[in-house]
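Q: Could you walk me through this one? I am new to it and would like to start with the helices.

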Amino acid sequence: MTLSQPSLDAAVDALTASPASSLRRDTIRNILRQRTAVVGLTIMLLLVLVAVFADVIAPFEPNVSMLDLGLPGTRGLPPCIHLLGCPADQTQHLMGLDSNLRDAFSRVIHGARVSLIIGLATVTVAIVIGTLIGAVAGYSGGRTDNVLMRLMDVVLSFPSLILAITIVTVLGTGLLNAMLAIAIVSIPVYARVMRASVLSVRESDFVTASRALGESSVGILSRRILPNALTPLIVQGTLGIGGAILEVAALSFVGVGAQPPTAEWGFMIASDRNLFFSAPHLIFFPGVAITLSVLAFNLIGDGLRDALDPRLNR
Amino acid sequence: MSAEPVRVDPDRAERLAEPGAAHLVEVRNLVKEFPIRGGILNRTIAVVQAVSGVSFDIRRGETLGLVGESGSGKTTVGRLMLRLIEPTSGTVRFDGADITYIHGGHLKPIRRRMQIIFQDPFASLDPRAPIGDSIGEGLRIHQIGSQAERREKVRRMMDLVGLSPYHARRYPHEFSGGQRQRIGIARALVVEPDLLVCDEPVSALDVSIQAQVLNLLKSLQRELDLTYLFIAHNMGVVEHISDRVAVMYLGKIVEVADRETTFRDPQHPYTQALLSAIPVPDPERRRRRVILKGDVPSPVNPPSGCRFNPRCQVRAELGGPAICAEQEPALLDLVPGQGHHQCACHFRGSGTAAPSTAAAGPASAASPAPGGATPAHGG
């Protein structure tokens, strides 16, 4: 970025000059002031654009073989880019052809759509269930708290990927079940975060004031405690999206996740791994895609954590 | 200012002194024990006796000051009264009805009539709610009025406590401590309660702001016909605002009297010691300072008999009579049947074990000493 600091500040101020609440405005400003978070946001924005416009960007259908189109092709064809000297009479394949003679570039592009949905859906399910468990445990305390949290400890005591594989094996292989498994394994994280927030907010004077005013437990949980616990949950959730993408890719790589012919990055790496030495690009590009998306969410998560941390407020 | 009290609103004083003045709150033998758990089995290994058998009344329209040092249980008493924590035993009657064990839907209408303001103005407001929402919370919970009426009520209440209407959309972090305390007061009063428990409402504030908030509380009390339980550890503040004062020590009330009597003629040795600790802003004046020995004993294992006996200067002067450590003194009328000055000591008043051998004469123990806050004229 070549902008000088004052002009950057001015741009940030202009961007955030909406009449939105001052808290939100401060938060957005704090995030935009962090270079790593901005990098993460940019990558994520690109990913979202690619996912939304996948049909427009991808030159081929992701699941269509060149054979079906009557086009010539070689298994594991290296990238053919016209600008870089690939003969014009040959079909252009930016990332080459995979073992089924499908355009790897189109598959990577469509993979963004699959992966983003995986990340969002998995984390949403995990957050909703985890928050509920954590809130109930933290608010009621005593025996309920003990039972729920020990249950979470049981889940945490297994290596998460192994447990996820076990769950998928029981439920049956498939992308949906893989997502469900990853969601189940990551519930304890959100439950713990929520419980910790509830415990710290529960005894505060403003909650006591609500109780003195006659607010019900449900009202206190939803109107007072949840909004104040949201910050760590958002941070954890953002980091969790990256994690979920990675873990579902891992399950697909092992073979219990996405099934053919889904254009899922982990599955793409797995299906062409026997071409590792002859066509490494088939593994390289999906790998880069996974890395970039995980990196993006981790950077945003870190940025959010810093931006929402009141101790760092300037 | 002369030694004569001139701060009492004559009408008010008359009204409060009225013999039949109904009690808004009657607290009887209130006990709260907090268990201390430990060990592998998480069993109760001890109990903290935060409040052990406290009885008092609050008359309609008065301010009862509740003083005592940290750990004496005064905050716990306030929260027990409001049913924010459950008592171990005892009863709380509010406006004639026993509210000690009612729950849920029956408690809600009572909640509206008793409110609380807190010590820490930073912790008492939800940092994520605009203050207009915080103030209007009670109206929403009790579904008072339409949306527009609520907004109007909030606006009027903000005006009453000295906030501008345009503040309503701002967040707590944009306000100073004094302003936040006003917001807390507005939130408590918007539901038009009868009783307000003020839990050290000025201890966390700047001295100059303290006077503002105290005077605001006083004028609100007149305008809205409120009854206060004013919890504090600053004697000057208590003298400024209270009509009557109850002194607590280690979970028990040791003395109750009207404000003038408490400050001019304290009877209980602990009250005398407490009052002698008020600084007098006059280097010429010399005064007997009662320095108490030792620390406040642990409420987990309070002394037997009178809880004050290990530190009591009167007991020391009397040569340590055994009764102090053996028998717990009851909170009795100093003059039987009069009822406006009660004291829990074996060597004071009607129940005196050895009358007037007590060396520390009450009149000599403490001179009337106005404390930190400059009393404003409460006319």
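**Helix packing in chain A**

A: In H3(A), the residues A:Thr36, A:Ala37, A:Val39, A:Gly40, A:Leu41, A:Ile43, A:Met44 and A:Leu47 meet A:Leu292, A:Ser293, A:Leu295, A:Ala296, A:Phe297, A:Leu299, A:Ile300, A:Asp302 and A:Gly303 of H12(A), where contact means C-beta atoms, placed from the backbone, within 7 Å, and helices (H or I, at least four residues) and strands (E, at least two) are DSSP runs numbered from the N terminus. This is a predicted model, in which local features need pLDDT of at least 70 and side-chain atom pairs pLDDT 80 or more, while totals for chains, interfaces and linings use all residues. Residues are numbered from 1 along each chain as its sequence is written, with chains lettered from A and ligands numbered from 1 in the order written.

Q: Switching to chain B, which domains does it have?
A: The assignment, which is automatic or from a database, gives domain 1 (21-242) and domain 2 (268-367), and their centres, taken over C-alpha atoms, are 30 Å apart.

Q: How many residues of domain 1 of chain B are in contact with domain 2?
A: Ten residues of domain 1 touch eight of domain 2 in chain B; on the domain 1 side, strand S2 (43-59) and helix H8 (235-241) of chain B each give two or more residues, and S2(B) has the largest share, five residues.

Q: And how many residues does each chain give to the contact between A and B?
A: Chain B gives 21 residues and chain A gives 16.

Technical notes. Contact = placed C-beta atoms within 7 Å.
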